[in-house]
Amino acid sequence: MTVIKISEKNKDFFDRVYQVVRLIPKGRVTSYGFIGRYLGSARSARMVGWAMNGCAKEDEAVPAHRVVNRSGVLSGKNNFATPTMMQELLEAEGIEIKDDKIVGFKDVFWDPNEELKL
DNA sequence: TAGCTGACGAAAA
DNA sequence: TTTTTCGCCAGCT
């Protein structure tokens with residue numbers, strides 16, 4: 001199992017978000033809310049999404065396509081280079097998308113609170 | 001400077 | 001159970 005090192009390295013909330021997102025295994029997804037909860041701010045799901053807004057400018061690529069809302073809907077696809085890119089990437093990882101929603105969402109769901117015990 | 005918006009979610013009604 | 005409101009906090013107008 002992977003363990004995130006929460007240290008002084010984690011300066012900002014955003015950086016922690018990026019770190020968690022990068023740890024999402026291929027072919028798995030998680031939600032904004034769970035990331036926020038994992039980071040200690042259960043009600044800052046919006047901030048997680050907002051953080052994704054700046055993920056493109058990060059040096060290291062952030063697999064933002066593996067992050068969806070709690071319903072498994074690709075709510076942020078429109079924020080990618082192309083609206084279809086998010087779905088393309090997910091399908092390339094073996095995740096089925098139906099009507100902008102992840103098929104078998106709970107089946108591919110990756111819970112940071114379960115997988116990343118501190 | 002003040003107010004609005006936003007890739008969300010949970011609690012309240 | 002479904003719908004509405006509020007909170008989160010940074011960036012933009």
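Which residues of helix H3 are buried? Before I answer, some ground rules. This is a predicted model, where local features need pLDDT of at least 70 and side-chain atom pairs count only at pLDDT 80 or more, while totals for chains, interfaces and linings use all residues. Residues are numbered from 1 along each chain as its sequence is written, and chains are lettered from A and ligands numbered from 1 in the order in which they are written.

Helices (H or I, at least four residues) and strands (E, at least two) are DSSP runs, numbered from the N terminus. Buried means 20 or more other C-beta atoms within 10 Å of a residue's own, exposed means 12 or fewer, and partly exposed lies in between, with C-beta atoms placed from the backbone.

H3 spans residues 45-53, and its buried residues are Val 48, Gly 49, Ala 51 and Met 52. They sit on the same side of H3 because they cover an arc of only 155° around the axis, taken from the directions from the helix axis to the C-beta atoms. On the other side, Arg 46 and Asn 53 are exposed.

A residue is near a strand if its C-beta atom, placed from the backbone, lies within 6 Å of it. Around DNA strand B there are 18 residues, and the closest are Gly 33, Gly 49, Asn 69, Arg 70 and Gly 76. H2 and H3 are the elements giving two or more residues to that surface. H3 supplies the largest share, 6 residues.

Around DNA strand C we find Ser 41, Arg 43, Ser 44, Ala 45, Arg 46 and Met 47.
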